[in-house]
Amino acid sequence: MTTSPENGTPLGVLAAAYESTLDCVHCGLCLTACPTYRETGRETSSPRGRIYLMRGVAEGRIPLGETIVEEAALCLGCRACETACPAGVPYGALLEETRAAVADADLRTGIAARIERSALADLVPHPRRLHWAVNLLAGAQRLGLDRLVRPLMPQRLREMHALLPQIPPSSERGRLPAFTPAEGPTRGRVAVFEGCIMPEMFGRVNAATVRVLAASGFDVVVPQGQGCCGALQAHSGDATTARALASRNVAAFDPADVDAIVVNSAGCGAAMREADHVLPGEADDFARKVRDVSEVLAEAGLPRDLGRVEGTVCYDDPCHLIHAQGVSLPPRALLEAIPGLTLVAHDDPGGCCGAAGIYNLTQPEMSARILARKMDALSAVAPDFIASGNPGCLMQLSTGVAVHGLQAEVVHPVELIDRAIAARSAN
Ligand code: SF4
Ligand code: SF4
């Protein structure tokens, strides 16, 4: 039996997380970085409070019950607290451990939790099933059937339906070619990660990623057999599915064959960079090669003869890029390199937008409050473009723009680079 190194108390659930909870020195420096603390002002909804709850559960002083189930669900997993923490508490890992314990004990009930569990285990990891499900939804949206049956849905399902984005046309939902050669002299070879949601909702971003990499001198391969990264499953407490999905990608990519495994979705990149935590001893080379597309392009340099893209752009940091991967300067440097485009700062670039995977579906009220704060900061600047490198953030910011009446276009940074490349001949 594992016991507390401090007082010899036998440890129960969360025993594996216990030692890291002791790293917290209760300084409170993380509190103002935490979106849920900023909204509620409640200690239990802060990183320090949640770590205290985790420690209490491990020591058997606090039951694995309602309070911790609610707080684990209310936490966005944004990891802003990790960036703020001087003691290096690995909060993201603690949260995943806690959510796995909650899932193992089957403590999350209700229709939203059931839909989440089933979608993440039986739909998202299966590209063909996901494709047909999105086809069905696209057909229903086209014919207005979804709006027709909406009044018959239970209230919670109606709320979730209201947040569903418009499915892009089928011409934008293709898979990527297996190989795209570099334009001009070759400076390297990279493998691109396609993702699960990206081909269905942001095929245009995937296609732009390949075009920009090729125009920047990279041979681009897209390994077959790759699939969902497992991030959403890990965040929801389904460690078994997350491990299986990480394993599939480790088998699909050959790190020795490429200079980098390029990811354009911050949440996926963070999970893939940490694949060696999920698969100890099996994924070290894979994890070392994972890079965000902005890092690869900023290091290589963009083509010199970029065309103009006129306007102002606000860059909004995806949490899993700035806090989980420590990447904040490369996307800004790339946007600044585009002729005609002016990068303007807003007041809350590193604050979560409230997307956090499927948090906007599972915690709609808190998500909307957090999004409102973000939109206030963006409204004050009123940019022509809002750029962010994560599908969840792109969808959430698009909702924010529509609901709060901004005139900005929400884009991935590679889309603006792609437009500047396409505009070359106009120079
Ligand atoms: S992950 Fe984000 S929401 Fe959760 S405790 Fe840390 S800062 Fe707060
Ligand atoms: S900043 Fe780190 S050490 Fe300080 S209270 Fe937050 S988690 Fe604990």
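1. Some ground rules to start. Residues are numbered from 1 along each chain as its sequence is written, while chains are lettered from A and ligands numbered from 1 in the order in which they are written. Since the model is predicted, local features need pLDDT of at least 70 and side-chain atom pairs count only at pLDDT 80 or more, but totals for chains, interfaces and linings use all residues.

2. The protein chain is assigned domain 1 (15-104), domain 2 (111-168), domain 3 (172-299) and domain 4 (306-426); such bounds come from an automatic or database domain assignment. Taken over C-alpha atoms, the centres of domain 3 and domain 4 are 21 Å apart. Their contact takes 25 residues from domain 3 and 24 residues from domain 4, where contact means C-beta atoms, placed from the backbone, within 7 Å.

3. Look at the side of domain 3 that touches domain 4. Helices giving two or more residues there include H11 (197-201), H12 (203-215) and H18 (293-300) (helices are DSSP runs of H or I with at least four residues, strands are E runs with at least two, and both are numbered from the N terminus). H12 gives the most, with six residues. By class, this side has 14 nonpolar, seven polar and four charged residues (Ala, Val, Leu, Ile, Met, Phe, Trp, Tyr, Cys and Pro count as nonpolar, Asp, Glu, Lys and Arg as charged, and the others, Gly among them, as polar).

4. Now to ligand 1, with 14 residues around it, of which Cys 34, Pro 47, Cys 75, Cys 78 and Cys 81 come nearest (near means a C-beta atom, placed from the backbone, within 6 Å). Helices H2 (35-40), H3 (47-59) and H5 (80-84) each give two or more residues to this shell. The shell has 10 nonpolar, two polar and two charged residues.

5. Around ligand 2 there are 15 residues, and Cys 24, Cys 27, Cys 30, Arg 48 and Cys 85 come nearest. H3 gives the most to this shell, with three residues. Its classes are 12 nonpolar, two polar and one charged.

6. Finally, check two backbone angles. Arg 79 is not a glycine, yet has a positive phi of about 65°; Arg 79 sits in the loop between helix H4 (66-74) and H5. Is Arg 79 buried or exposed? Arg 79 counts as buried because it has 25 C-beta neighbours inside 10 Å (the cut-off is 20 or more for buried, 12 or fewer for exposed, and partly exposed in between, with C-beta atoms placed from the backbone). Ala 382 also has a positive phi, near 50°, in the loop between helix H22 (364-381) and strand S8 (385-387). With 13 such neighbours inside 10 Å, Ala 382 counts as partly exposed.

Key. Contact = placed C-beta atoms within 7 Å.
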